[in-house]
Amino acid sequence: MRECVGIMTGGGDCPGLNAVIRAVVKSATKRGWDTIGFLGGYDGMLEPMRYRTLDYKEMDALLFVGGTILGTTNKGRFSAKTGHGELTEIPREILDEAKRNFQKLGLRALVSVGGDGSLTIAQALFEHGIPIVGVPKTIDNDLEATAITFGFDSAVACATDALDRLRTTAQSHDRVMVLEVMGRYAGWIAAHAGIAGGGDVILIPEIPFHYDRVCARIAERERQGKRFTLVVVAEGARESGQDYVTSGAAEKHREARLGGIGAVVAAQIQQRTGKETRVCVLGHLQRGGAPTTFDRLLCTRFGARAVELVAEEKYGFMVALRPPDTVAVKLTEAIGRLRTVPLDGDIVHTARSLGISFGD
Ligand code: F6P
């Protein structure tokens with residue numbers, strides 16, 4: 001009987017998920033193994049089980065197709081996160097059922113493709129006896145133990161493109177344009193796209209901001225003859241002393257939904273400076289569409305490496321990028337603590353050198 005590997009995608013989708021699936025299927029096929037994909041995240045492992053055979057022949061175009069052919073969810077029955085990222089215990093009967101079904105299918109191992117939430121579940125499944133290997137996904141880039149998660153580069157490319165477009169309209173109208181980007185409690189997307197897209201003010205969760213400092217930068221630009229300003233706001237940015245702005249409260253099986261800070265910031269800027277200000281919320285555009293070349297390559301490397309870990313029976317590990325190589329790190333090193341933008345790191349330093357304001 002041929003060996004078979006399972007794969008699932010969990011959490012929010014992002015560009016490159018299909019490229020990982022493709023790399024796993026191709027590498028597994030090369031070893032003479034079959035692959036099945038669970039549908040709709042980990043919930044596909046529960047009764048009634050939902051999975052499909054992944055045929056090597058259908059993989060070709062997947063390299064550049066956005067989303068995930070397996071479907072995903074960030075609020076399934078396994079959900080290990082609620083509120084502002086607080087951990088919850090996964091019920092034992094859910095873990096038991098997943099293990100039973102995994103064994104019923106006679107799988108050699110499970111490749112779990114996800115961010116902090118999905119990999120936290122992966123660790124719980126591993127501790128429950130399921131041989132599992134992780135692949136780090138998230139546009140937020142907030143996972144420990146890897147230099148970068150796949151999906152991030154594609155999201156930054158999207159946000160940078162948005163800034164390029166906003167610049168010409170801001171310039172034409174002498175306006176302040178505020179771009180709200182995703183990233184949850186980390187400012188990676190805002191910081192990278194903000195610098196690459198020529199932002200003047202970048203507001204990130206790591207640096208609580210003050211409106212008078214933001215407005216001071218706008219006034220300074222006016223004095224320099226620059227009649228427009230580009231402000232990039234991470235959805236998790238907050239005014240000093242204030243709470244996060246949310247667009248959806250935490251539910252039983254899902255985290256609170258961030259969003260809305262861009263509009264708040266735009267209104268304050270207009271009120272305080274008298275300058276016409278508009279807001280653009282980039283939203284899920286950052287998560288859709290084809291992966292960048294960088295992400296395609298990273299996903300392919302991650303997928304191939306994940307299958308190698310399965311071959312080596314290196315379970316409870318996640319593939320990670322430690323430039324220039326991919327390596328294996330324990331899942332426990334990756335989960336539980338979000339990787340945020342270091343205040344003394346090169347990104348913040350570069351931005352400050354250019355005169356970009358963080359509103360502090
Ligand atoms: O974690 C990825 C992410 O896109 C975050 O940046 C964002 O806060 C969240 O997911 C949005 O989730 P949803 O798709 O449920 O609105």
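1. Leaving aside its neighbours within four places in sequence, Asp 200 is in contact (heavy atoms within 4.5 Å) with Arg 217, Arg 221, Phe 228, Thr 229, Leu 230, Gly 355, Ile 356 and Ser 357. The model is predicted: local features need pLDDT of at least 70 and side-chain atom pairs count only at pLDDT 80 or more, whereas totals for chains, interfaces and linings use all residues. Residues are numbered from 1 along each chain as its sequence is written, and side-chain values use heavy atoms, with hydrogens and water left out.

2. Asp 200 lies in the loop between α5 and β9. Helices (H or I, at least four residues) and strands (E, at least two) are DSSP runs, numbered from the N terminus. With a relative accessible area of 7%, Asp 200 is buried; the term means under 20% relative accessible area, against over 50% for exposed and partly exposed in between (1.4 Å probe, protein chains only). Its side chain reaches the backbone nitrogen of Leu 230 at 2.7 Å.

3. Two strands count as paired if DSSP finds at least two bridges between them. Five bridges connect β8 (residues 176-181) with β13 in the parallel sense, and Val 178 stands opposite Val 279 in β13.

4. Axes are lines fitted to C-alpha atoms, for helices over the stretch in contact, and angles run from 0 to 180 degrees between N-to-C directions.

5. The axes of α4 (residues 152-173) and α5 come within 8 Å and cross at roughly 45 degrees. The two helices are therefore oblique to each other; angles under 35 degrees count as roughly parallel, over 145 as roughly antiparallel, 65 to 115 as roughly perpendicular and the rest as oblique. The crossing is right-handed, that is, the near helix is turned clockwise from the far one by less than a right angle, anticlockwise being left-handed. Residues making the contact include Phe 152, Ala 155 and Leu 163 of α4 and Trp 188, His 192 and Ala 196 of α5.

6. The axes of α6 and helix α7 (residues 261-273) come within 10 Å and cross at roughly 65 degrees, and α6 passes α7 in a right-handed crossing. Among the contact residues are Tyr 211, Cys 215 and Ile 218 of α6 and Val 264, Gln 268 and Arg 272 of α7.

7. A second open sheet holds seven strands in the order β3-β2-β1-β6-β7-β14-β15, with mixed pairing. Because β3 (51-53) and β15 (325-330) stand at the edges, each with a single partner strand, one side of each is left without a neighbour in the sheet. Neighbouring strands of this sheet are turned by 25 degrees against each other on average, direction ignored. Strands β14 (residues 317-322) and β15 run antiparallel and are joined by six bridges; Leu 321 has Thr 326 in β15 as its bridge partner.

8. Helix α3 (residues 116-127) lies across β6 (109-114), β7 (132-136) and β14, at about 170 degrees to β7. Helix α8 (residues 293-311) packs on the sheet as well, touching β1 (4-9), β6, β7, β14 and β15, and its direction makes about 140 degrees with that of β14.

9. How many residues of β6 are buried? Six of the six are, so the strand is largely enclosed by the rest of the structure. In a regular strand the side chains alternate between the two faces of the sheet. For β6 both faces are covered, with Ala 109, Val 111 and Val 113 on one side and Leu 110, Ser 112 and Gly 114 on the other. Five bridges join β6 to β1 in parallel, and β6 and β7 likewise pair in the parallel sense over five bridges.

10. Asn 101, in helix α2 (residues 92-104), counts as buried at 1% relative accessibility. Its side chain and that of Glu 47 are joined by a polar contact of 3.4 Å. Such a contact is a pair of N or O atoms within 3.5 Å; within protein, one must be able to donate a hydrogen and the other to accept it, and residues adjacent in sequence count only if both atoms are side-chain atoms. Beyond its neighbours within four places in sequence, Asn 101 is in contact with Met 45, Leu 46, Glu 47 and Met 49.
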